[in-house]
Amino acid sequence: MKRPPRSTASPSPEGEQAALGASRREAEATATARTYFAVTVADTGESFRCGEHETLLAGMERLGKCGIPVGCRGGGCGVCKVRIESGAFSARAMSREHVSAEEEGAGIVLACRVKPLSDIRLAVLGQMKKKVCA
Ligand code: FES
């Protein structure tokens, strides 16, 4: 008995697998193709790259740079207090013990709670400012 020819309108199982593989590769490429921004610490003139997916503090730490003081990394100690001089960012809720609503409105934030949305220029604030690398 003779089999009917395969239709070219619907993909073969092998074609479907190849299409799924291509989709998976595209999704993986998208997941790994992250956007990075330049963050400049005005106090030192030093810059580092920070991904849109990481906090300003994590980006600085990842590159082993000096600049923003590092403490709890969770918004609890306030040592990473900075003033964003220019650039766009997103911020998670911050303790009012360390950053008042007025300060936040003026661009004063905790670097461990902020992710960049563009290149950023910042100044380090607070007691730890004197410990910023020169
Ligand atoms: S490192 Fe403690 S508040 Fe950011």
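Predicted model: local features only at pLDDT ≥ 70, side-chain atom pairs only at ≥ 80, totals over all residues.
Trainee: Is A93 buried or exposed?
Mentor: A93 is exposed, because 9 other C-beta atoms lie within 10 Å. Residues are numbered from 1 along each chain as its sequence is written.

Trainee: Where is A93 found?
Mentor: In the loop between β4 (89-91) and α3 (101-105). Helices (H or I, at least four residues) and strands (E, at least two) are DSSP runs, numbered from the N terminus.

Trainee: How many helices and strands does the protein chain have?
Mentor: Three helices and seven strands. Read from the N terminus, the order is α-β-β-α-β-β-α-β-β-β.

Trainee: What order do the strands take in the sheet?
Mentor: The sheet is open and has five strands, ordered β2-β1-β7-β3-β5, with mixed pairing. β2 and β5 are the edge strands, each pairing on one side only. On average, neighbouring strands of this sheet are turned by 40 degrees against each other, direction ignored. Axes here are lines fitted to C-alpha atoms, for helices over the stretch in contact, and angles run from 0 to 180 degrees between N-to-C directions. Two strands count as paired if DSSP finds at least two bridges between them.

Trainee: And β1 with β2, parallel or antiparallel?
Mentor: Antiparallel, over six bridges. F37 stands opposite C50 in β2. The hairpin of β1 and β2 has four residues between the strands, and G45 there has a positive phi near 80 degrees.

Trainee: Which residue other than glycine has a positive phi?
Mentor: R73 is one, with phi near 65 degrees. Most residues other than glycine have a negative phi. R73 sits in the loop between α2 and β3. R73 counts as partly exposed because it has 16 C-beta neighbours inside 10 Å.

Trainee: Back to the sheet. How many bridges join β3 and β5?
Mentor: Three, in the antiparallel sense. K81 has L110 in β5 as its bridge partner.

Trainee: Why does E85 count as exposed?
Mentor: E85 counts as exposed because it has 12 C-beta neighbours inside 10 Å. E85 lies in strand β3. Leaving aside neighbours within four places in sequence, E85 is in contact with A42, R121, L122 and A123. Contact is taken as C-beta atoms, placed from the backbone, within 7 Å.

Trainee: What about the largest nonpolar core, how many residues?
Mentor: It has 26 residues, and those with the most contacts inside it are L56, I68, C80, V82, V109, L110 and A111. At least two residues of this core come from each of β1 (36-41), β2 (46-51), α2 (56-62), β3 (81-86), β5 (108-110) and β7 (120-124). Such a core is a set of buried Ala, Val, Leu, Ile, Met, Phe, Trp, Tyr and Cys residues joined through C-beta atoms within 7 Å.

Trainee: What does C80 touch?
Mentor: Not counting residues up to four places away in sequence, C80 touches L57, I68, P69, V70, G71, L110, A111 and C112.

Note on methods:
Buried ≥ 20, exposed ≤ 12 C-beta atoms within 10 Å, placed from the backbone. Contact = placed C-beta atoms within 7 Å.
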